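The sequence and structure are shown first, and the description follows.

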Amino acid sequence: MDRPTRAYPPMFETHPYLVRDYSDRRSAIGKVPLPGDPSFSEPLARKRIIGQKAKREDKQGQQWYEDLHLDWRPGSVRSWVQKFGEYLDKESLTKQYNPKGHILKEAQSLREIGDGSKGFVGYIYVDGNNMGKYIQKIRTPEEYMQFSEHISQATEYAVYRALAQHLNPRYLKDLNDPETEGRQNIYIHPFEILFIGGDDVLLIVPADKALEIAQTIGTEFEKQLLAFDPKRYADDQLPDPDKPVHRYLKSSVNPPARQCKLSTSLGVLITADATPIYYAEKLTEQLLKSAKDRAKRLKTDGYLGGTVDFQVMKSVTMISSDITSFREQGLTKKGHPTLKLYAAPYTLCELGGLLETVKAFKQSEFPRSQLYQIRSLLEQGKRLAMLNYRYFRVRLKLGQQTLLKEHFEEAWCEAKTNQGNLAPWIFVPPEPDSSKDSCYETIWRELVDLYPFVKELDPKAQSEAAPAAQEGA
């Protein structure tokens, strides 16, 4: 053979002044007069101008694309916010969402979304449950087309409904940020829908409303499918009464009377608006996977509803590996008994109960310093944490103690063998056919993490709670 014995790598001649684009992937065609003076390749320029058109930015801000003299011309684009506005008009919810009729603009950055929630945003990743098994039973193209339309419509409806129910336009102050230059003193839609496709959703919302929006998306998705065709999507089977599914026992947050065969799992990450998006998306996907794992386990007990896993990340360096490893290595204390210093993932019913519990703690005026102190004592043993909780609780006024007893102790921490409670612990029996022993878990860490993101009670609610507190003085 004439083939040489040594092969050399190919050498390509490059321009001595080659510049990479903003994503560091392609050759740039020029700098653009936008915040940060980014260098754009043609594909990046196309993406940016489409985004600006979708967000209905001023034509003056789009002049940079004309100055590049590219042949490709962008067409008209309908944004998710425009579709959301059409939904509000159709459902007569425009006045509820925007009662003062402000002229609204779309959010341009994470800083704008997180401005009203202490600089934190919530990533919500949604995916459907039991879809594959259901699709296998479809036999005709017409039925498959109808199913696809139902799923798509139910998903969009659930997202729009949740946003309309829990959000209102937010006033944008001076953020002192180059990306928001010229956008001070305006009202914006405080969310960003990255995509809605079939049963998949990814959106960014203010942190103080993230879990409420997530819970509503899950419940409205099931309600909408049942409204489309109850015979097709309803399941008459109820969870096994001998195998409790929901750990939240208070009747104010009841599970639905009948189950939908299809549901959703959701991953929610609450993090600072400066967290890199690629990193936040990666963690949100892990939370979604964790929620789906619990949904699969609960399915064996007859529960077909939705599940949610969430994590509050105060700093980028808080989680160095992945969510599962972080919890197993940092939040699980092996021993007799084993202590889990977290309770996630939650069912939709449990998530509603958790939010009610956080509000009860705020209304009871439980000192925040003591909340943090009990959290630090959790890993030192079950009895020490119970003793400290009871010590701090009895120091509250009678009306405040009643709130905690009703919304926390009786709702989450009932003992299995007597009339007492194990606050702040929840007893978890061993799973059938499992070598694992029973353990104890607690919602306390999640409660403390969510505390800053739950809105303070309004003056009327506080005044109503005042007489009860005075009675116990």
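## Basis of the description

A residue is called buried when its relative accessible area is under 20%. The model is predicted.

In soluble globular proteins, nonpolar side chains tend to be buried together. Here the largest nonpolar core comprises 111 residues, and the members that touch the most others are Leu163, Trp412 and Trp444. The greatest contribution to this core comes from helix H7 (residues 141–166), which supplies 10 residues. Apart from it there is a second, separate core of 10 residues, with Val32, Leu44, Trp64 and Leu68 among them.

Which residues does Trp412 touch, leaving aside those up to four places away in sequence? Its contacts are Arg247, Tyr248, Tyr346, Glu350, Gly353, Leu354, Thr357, His407, Ile426 and Ile443.

## Aromatic pairs

Across the whole structure, 24 aromatic pairs are found. One of them joins Phe40 and Trp64: the ring centres are 5.5 Å apart and the planes meet at 70°, so the arrangement is edge-to-face. An angle over 60 degrees is what places a pair in that class. The partners come from distant parts of the chain, 24 residues apart, with Phe40 in strand S2 (residues 39–40) and Trp64 in helix H2 (residues 63–68). Phe40 has a relative accessible area of 3% and is therefore buried; Trp64, at 4%, is buried as well.

A stacked pair is formed by Tyr134 and Tyr233, with 5.8 Å from centre to centre and 25° between the planes. This pair also links distant parts of the chain, since Tyr134 belongs to helix H6 (residues 131–135) and Tyr233 to helix H9 (residues 230–233), 99 residues apart. Are these two tyrosines, Tyr134 and Tyr233, buried or exposed? Tyr134 has a relative accessibility of 12% and so counts as buried. Tyr233 has a relative accessibility of 0% and likewise counts as buried.

## Ring cluster

Ring pairs also connect several residues into a cluster, whose members are Phe84, Tyr87, Tyr97, Tyr157, Tyr160 and Phe191.

## Charges over rings

Two lysines are placed over aromatic rings. Lys83 lies over the face of Trp80, at 4.3 Å from the ring centre. For Lys362, the charged end sits over the ring of Tyr451, at 4.9 Å from the centre of that ring.

How values were computed: Residues are numbered from 1 along each chain as its sequence is written. This is a predicted model: local features need pLDDT of at least 70, side-chain atom pairs count only at pLDDT 80 or more; totals for chains, interfaces and linings use all residues. Side-chain values use heavy atoms; hydrogens and water are left out. A nonpolar core is a set of buried Ala, Val, Leu, Ile, Met, Phe, Trp, Tyr and Cys residues joined through side-chain atoms within 4.5 Å. Buried means under 20% relative accessible area, exposed over 50%, partly exposed in between (1.4 Å probe, protein chains only). Helices (H or I, at least four residues) and strands (E, at least two) are DSSP runs, numbered from the N terminus. Contact means heavy atoms within 4.5 Å. Rings of Phe, Tyr and Trp (its six-membered ring) pair if their centres lie within 6.5 Å; planes under 30 degrees apart count as stacked, over 60 as edge-to-face and the rest as tilted. A charge sits over a ring if NZ of Lys or CZ of Arg is within 6 Å of the ring centre and within 35 degrees of the ring normal.
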